[in-house]
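Let's take a walk through the inside of this protein, looking at its rings and its core. Have the sequence and the structure open as you read.

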Amino acid sequence: AAAKKGEVVDDPLSGLLLATPREHHSGEAEVASAEIAEAAPAASVAEPSSEERERTAWMAKKQAMIREHSSSAATQRATTAIAAEAEASRRKSTTAARGADEDLPELVTSTKAPKLVERSAARLQRLERQEEGDASGGEAEYLERVARAHAQIAKHWAAEERVAALKTAISVAKVLREAAQTFPTYYPSLFVACTEVLDAFGWMVRDRIRAKHETDRSEARETCRNWFYKTACVRELVPRFYVEACLLPCYDFLADADSAQILARLASIVRGVGSPLCAFYARAYLARQSA
């Protein structure tokens, strides 16, 4: 029972509490609560993962490459649109429910070309007519090819035409081989546009294999090997390298895959690339894919 005023307290702890002013205790409690409140947010903030840091760094880097190595403001906007559409398709593919094709994102299942890509292609056509004979017209022609290929990949994938989608991805990789000789000044911005589309294609393949892996792992492994067999049949060196590099995450579904050996083999393939510019960016793409 609480001791009344003027009553002798035998318990020394109770006596200490009665003798200490209440304001002193409340002040200490407020200070302690403030210290806990300040420490709580610091403890709750999670450190970004290495993948998130790498993606953030690449986002900033590719924007700088587009700004510095585009022939005009129109081609800069077109390259940014292609990269943004490819990134959006990758994110939708990652967050979409796994399973049948009807569960794939709208960008993949639609039989019509993405509206943003259509607008980019139309804008590039106008630019090519206005600046015929200029260097920017050549860059616009390449970007138009990439934009159309991105739309075709989505259409082929929705129609379950996997081989056709692969052939279209190969055509995107061919742009990286050709542009190194014809338009080296604008190669970095073309590299961004092409690799963003290839990344989106790689994520489509990976999500398809992952959906099968959740139900039948042996079938998933067989599908994964089949994709790499198809890639190995590509005759030209640069397209074969880029398509396999964009499919690198799919090796996670093969238990017998040796990452170090695979990366070493791909790095040795780059030695056969004749153009130093093309070889440099191929090594950069391999480093980014393996991070």
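This is a predicted model: local features need pLDDT of at least 70, side-chain atom pairs count only at pLDDT 80 or more; totals for chains, interfaces and linings use all residues.

Pick out Phe-241 and Tyr-242 in it: their rings pair edge-to-face, with centres 5.3 Å apart and planes at 85°. Both Phe-241 and Tyr-242 are buried.

Now try Tyr-187. Setting aside neighbours within four places in sequence, Tyr-187 is in contact with Leu-176, Ala-179, Ala-180, Tyr-242, Leu-277, Cys-278 and Tyr-281. Tyr-187 also belongs to the largest nonpolar core, which has 57 residues; along with Phe-201 and Tyr-242, it touches the most other members. Nonpolar side chains tend to be buried together in soluble globular proteins.

Which elements give two or more residues to this core? They are α7 (135–158), α8 (162–182), α9 (187–213), α10 (217–232), α11 (237–246), α12 (259–270) and α13 (276–290). The top contributor is α9, with twelve residues.

Back to the rings: the whole structure holds twelve aromatic pairs. One of them is Phe-201 with Trp-227, edge-to-face at 5.9 Å centre to centre and 75° between the planes. Phe-201 sits in helix α9 and Trp-227 in helix α10, so this pair ties together parts 26 residues apart in sequence. Both of these residues, Phe-201 and Trp-227, are buried.

Technical notes
Residues are numbered from 1 along each chain as its sequence is written. Side-chain values use heavy atoms; hydrogens and water are left out. A nonpolar core is a set of buried Ala, Val, Leu, Ile, Met, Phe, Trp, Tyr and Cys residues joined through side-chain atoms within 4.5 Å. Buried means under 20% relative accessible area, exposed over 50%, partly exposed in between (1.4 Å probe, protein chains only). Helices (H or I, at least four residues) and strands (E, at least two) are DSSP runs, numbered from the N terminus. Contact means heavy atoms within 4.5 Å. Rings of Phe, Tyr and Trp (its six-membered ring) pair if their centres lie within 6.5 Å; planes under 30 degrees apart count as stacked, over 60 as edge-to-face and the rest as tilted.
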